[in-house]
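Hi,

Here is the structure I promised to hand over. Have a look at it first, and my notes follow below.

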Amino acid sequence: MSYLCLCGHVIKDNIYPCPERGDLKWQTESENISQESFEALKEFFNAVENDAKNGWLLKFFNHSLYLKADMATIVIDIMSRYDGKEGRSVYRCPECERMYVQTKYRSDEYECFEKRTDYSRNAEGLAD
Ligand SMILES: [Zn+2]
């Protein structure tokens, strides 16, 4: 896909990883993702310890591909499943640095945020 920025630049999203695309997750969303990943990993390792690994993998992934996968791949893919469940996509124009933030999870609508050059504040200036 590609997106036309207000400055006229076309932001292309046809490669992975895309240098102009990211994700915005609020801490509450990140915490939900961590908690769900943790619970799934705990279940997975319990299944491994109880010789129920293959059954658990088939149930979780619904695919036999994972029966021969190495543990690192399995762990990463378990975590990835939850990582994509929350948050919003963000695109940044490399020309003008405007940011386009998805209005909500899975929405086709984006809000535009423009960089201000008359504002700067270091971390110590932020209120608690
Ligand atoms: Zn732009």
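**What I found**

With 11 C-beta neighbours inside 10 Å, Gly55 counts as exposed. Gly55 sits in helix H2, and its C-alpha atom is separated by 9.1 Å from that of Leu67, twelve residues apart along the chain.

Two notes on conventions before the rest. This is a predicted model, in which local features need pLDDT of at least 70 and side-chain atom pairs count only at pLDDT 80 or more, while totals for chains, interfaces and linings use all residues. Residues are numbered from 1 along each chain as its sequence is written.

**Domains**

The protein chain is assigned domain 1 (1–24 + 88–128) and domain 2 (26–86); such bounds come from an automatic or database domain assignment. Taken over C-alpha atoms, the centres of domain 1 and domain 2 are separated by 30 Å.

**The sheet**

Helices and strands here are DSSP runs numbered from the N terminus (helices are H or I with at least four residues, strands are E with at least two). Two strands pair if DSSP finds at least two bridges between them. As a reminder, strands of a sheet pair through backbone hydrogen bonds, either parallel or antiparallel.

In this model, four strands form an open sheet in the order S3-S4-S5-S6, with antiparallel pairing. S3 and strand S6 (110–113) are the edge strands, each pairing on one side only. From one strand to the next, the twist averages 25°; angles run from 0 to 180 degrees between N-to-C directions, and axes are lines fitted to C-alpha atoms, for helices over the stretch in contact.

Strand S3 (residues 21–24) and strand S4 (residues 88–92) are joined by four bridges, and Gly22 has Val90 as its bridge partner in S4. S4 in turn is joined to strand S5 (residues 99–102) by three bridges. There, Tyr100 in S5 is the bridge partner of Tyr91.

**The helix pair**

Helix H1 (residues 27–49) packs against helix H3 (residues 71–83) at an angle of about 145°, and their axes are 9 Å apart. On the H1 side the contact is made by Ile33, Glu36, Ser37, Ala40, Leu41 and Phe44, and on the H3 side by Val75, Ile78, Met79, Tyr82 and Asp83. Two residues are in contact if their C-beta atoms, placed from the backbone, lie within 7 Å.

The residues of this contact divide into eight nonpolar, one polar and two charged.

**Backbone geometry worth a look**

Most residues other than glycine have a negative phi, and most peptide bonds are trans. Which peptide bond in this model is cis? The bond from Tyr16 to Pro17 is, with omega near -5°. Pro17 lies in the loop between strand S2 (10–12) and S3.

Some residues also have a positive phi:

- Asn62 has a positive phi of about 55° although it is not a glycine. Asn62 is in the loop between helix H2 (53–61) and H3, and is exposed, with 8 other C-beta atoms within 10 Å.
- Arg106 is not a glycine either, yet has a positive phi of about 65°. Arg106 lies in the loop between S5 and S6 and is exposed, with 7 other C-beta atoms within 10 Å.
- Glu97 has a positive phi of about 65° and sits in the turn of the hairpin that S4 and S5 form with six residues between them. With 13 other C-beta atoms within 10 Å, Glu97 is partly exposed. Glu97 touches Arg92 and Lys115, not counting residues up to four places away in sequence.

**Two distances**

The C-alpha atoms of Glu97 and Gln35 are separated by 33 Å, and these residues are 62 residues apart along the chain. Thr117, in the segment after S6, is exposed, with 6 other C-beta atoms within 10 Å. Between the C-alpha atoms of Thr117 and Phe60, 57 residues apart along the chain, the separation is 48 Å.

Happy to talk any of this through.

Best wishes

Conventions. Nonpolar A, V, L, I, M, F, W, Y, C, P; charged D, E, K, R; others polar. Buried ≥ 20, exposed ≤ 12 C-beta atoms within 10 Å, placed from the backbone.
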